[in-house]
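Please keep the sequence and the structure in view while reading.

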Amino acid sequence: MFQELNSLNPDAILGLMVKFRADPSSTKVDLGVGVFRDLSGNTPILECVRRAEQAVLAAQLTKSYVSAAGREEFNSAVESLVLGDAHVARRERRTRTVQAPGGCGALRVGAELIRAAAPHATVYVSDPTWGNHVPLLGSSGLRLERYPYYDPATHELRFGAMMERLEGATAGDVVLLHACCHNPTGADLDGEQWHSLIELLLRRRLVPFLDLAYQGFGDDLTTDVAGVRLVAEKLPEVLIATSYSKNLGLYRERVGALTVVAATASRSDAAHSHALQIARSIYSMPPDHGAAIAAHILADPALRESWVLELAAMRERIKDMRVLLAQHLRQATGNDAFDFIRSQRGMFSLLGVSSATVDRLRDKHHIYMTSDSRMNLAGIMPHNVAFVAEAIAAERSAAGE
Ligand SMILES: Cc1ncc(COP(=O)(O)O)c(C=O)c1O
C-alpha cells in the first residue's frame, strides 16, 4: 500500500522547530515557532492554570465521555468572553458553540460546516496568512482564493486592494478574517476599516469566518474583540473559531471552540446539529482536560482576575520587546525602516527581508525565523536583542536589501 508514497517535507514551522533543537549553538535565538516565552525563554504554565488544574483533578469523579459538543459551561463561557453577556445575537438565541480540539479543530469543523451548507462557496483568505490556514481549510475540499492584505515591503495594509477584491466575490462566499493580532503580519484593521468591511460583507452577502487565536494579546480582552462583536451584531451569519492555546498557555491541551451565529434560533440549532455530526465523524469528542481548566478559570472570579493579570504581563513583555527591537534596529541601521515593529500587535511581525537573508541569519547567526521572515517577538530577550538587531542589519545590507 505504501510503496507509491514519497516522503513529504516536514511542515515549515514544525521543521524549523526540529532544526532549532538540533542546533548546538549556545547563542541560538528562536523567533520561529509561535509560542509565548518569558524572560528566561520558557513557555510557562500560568499560575491560574496550575491552580485550576488542581481543583479540576480534585473534583473529578469519572473519565467517562462528555459529548461531541464538549462541556456546556465551557461553551457558554466562550460566548460570554468573545461576544459579551448582552450581545444581541446571544439574546436572540442565534448563537451556538461547540468545543473543539484547539483553534485548528475549530477551523476544520467550521470548514466542514461550510462545505455541508454551501459546497460551492469559495473561501477568501488573506495574503499573507498563517501557514496552516490553507491546509486546514483546503483539505475539506473547499475552493480557496486570496485577498490582498499587507505589503511586506512597505509594511502597510492593502485595505483598498482587499476591498476591491472582495467586491468581486460571489454572494454566499466566505471571508476568513483574523479577529486581532494578525498572523504573520501584526497589522490589524482599525475601527473605521471594520465598519467599511462590514458594510461590504452585508451588501455583497458574504459570510465572515473570524479566527480569534490571540484575544488579549493586542490591547486587552475586550478591545481585541471589538471587531468580532460588531461583525456578529451587524451580519446575520458568522462563524468564529476561538483558540485558548496562547492566551491561557494551554497549547498541548488542545482547547478551542467554534461559534456559529445564524439568522434565526432554529437555523442556528440546525447548523449546530451539523457541527456535532461533523465532530463525531472526525474525532468524536474534543479532549476535556484543558476545557475543564479554562471553564474553571472563567467561572471563578479570583482565578479569572489572576488570569487577566498574567495575560497582561505576557502582552506587556511582547510590547517591550517590540520597542526594544525597533530601538536597536534604528541604532544598527541608522534609519527608521523598522519602526513599524513598535506599533504592530500580537506576537508576530514580518521583517520584510528575502528568504535568502532569512537563511543566512539562521546559518551564520543561529537566528531562526520562518522563510517569509515572520518573527515571533516573544523569542527576543533583553540580553539578545542587540545581537539580533546587528545580525539583521548586517545581513540586510550585505544583500543590498
Ligand atoms: C492565526 C491562528 N489561528 C489558529 C491557531 C490555532 O491554534 P491551536 O490549534 O494551537 O489552538 C493559531 C496558532 O498558531 C494561529 O496562529
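Is Asn183 buried or exposed? Asn183 is buried, because its relative accessible area is 4% and the word buried applies under 20%. The model discussed here is a predicted one.

## Asn183 and its surroundings

Asn183 belongs to the loop that runs between strand E7 (174–178) and helix H8 (191–203). The side chain of Asn183 forms a polar contact, at 2.9 Å, with the side chain of Arg374.

As a general rule, most residues other than glycine have a negative phi, and most peptide bonds are trans. The bond from Asn183 to Pro184, by contrast, is cis, and its omega is near 20°. Pro184 is likewise placed in the loop between E7 and H8.

Another cis peptide bond leads from Asp127 to Pro128, with omega near 5°. Pro128 is located in the loop between strand E3 (122–127) and helix H6 (133–138).

Strand E3 also contains Val123. Val123 counts as buried, because its relative accessible area is 1% and the limit for a buried residue is under 20%. Between Val123 and Leu144 there are 21 residues of separation in sequence, while their C-alpha atoms are 4.8 Å apart in space.

## The ligand and its shell

The ligand is surrounded by 13 residues, and the closest are Asp211, Tyr214, Ser243, Ser245 and Arg254. When the shell is sorted by class, five residues are nonpolar, five are polar and three are charged. Which helix gives the most to this shell? Helix H5 (residues 102–117) does, with four residues.

A polar backbone atom of Cys104 is 2.8 Å from an oxygen atom of the ligand. Side chains are represented as well: a polar side-chain atom of Ser243 is 2.7 Å from a ligand oxygen atom, and for a polar side-chain atom of Lys246 the distance to a ligand oxygen atom is 2.8 Å. On its own the ligand has 390 Å² of accessible area, and the protein covers 92% of that area.

## Residues with a positive phi

Which value does phi take in Arg205? Phi of Arg205 is near 55°, which is positive although the residue is not a glycine. Arg205 is situated in the loop between H8 and strand E8 (207–212). Arg205 counts as exposed, because its relative accessibility is 61% and exposed residues are those over 50%.

His366 is also a residue other than glycine with a positive phi, here about 60°. The location of His366 is the loop between helix H14 (355–365) and strand E12 (367–368). With a relative accessibility of 24%, His366 counts as partly exposed.

## Separation in sequence and in space

Arg362 is part of helix H14, and it counts as buried at 15% relative accessibility. Arg362 and Asp30 are 332 residues apart in sequence, and the distance between their C-alpha atoms is 9.6 Å. Ala58 lies in helix H2 (residues 47–59) and is exposed, with a relative accessible area of 69%. How far apart in space are Ala58 and Ala386, which are 328 residues apart in sequence? From C-alpha to C-alpha, Ala58 and Ala386 are 47 Å apart.

Thr223 gives a further example. Its place is the loop between E8 and helix H9 (226–234), and Thr223 counts as partly exposed at 39% relative accessibility. The C-alpha atoms of Thr223 and Ala86 are separated by 16 Å, and the two residues are 137 residues apart along the chain.

Note on methods: Residues are numbered from 1 along each chain as its sequence is written. This is a predicted model: local features need pLDDT of at least 70, side-chain atom pairs count only at pLDDT 80 or more; totals for chains, interfaces and linings use all residues. Side-chain values use heavy atoms; hydrogens and water are left out. A residue is near a molecule or strand if one of its heavy atoms lies within 4 Å of it. A polar contact is a pair of N or O atoms within 3.5 Å; within protein, one must be able to donate a hydrogen and the other to accept it, and residues adjacent in sequence count only if both atoms are side-chain atoms. Accessible areas come from the Shrake-Rupley method with a 1.4 Å probe; for residues, only the protein chains shown count as cover. Helices (H or I, at least four residues) and strands (E, at least two) are DSSP runs, numbered from the N terminus. Ala, Val, Leu, Ile, Met, Phe, Trp, Tyr, Cys and Pro count as nonpolar, Asp, Glu, Lys and Arg as charged, and the others, Gly among them, as polar. Buried means under 20% relative accessible area, exposed over 50%, partly exposed in between (1.4 Å probe, protein chains only).
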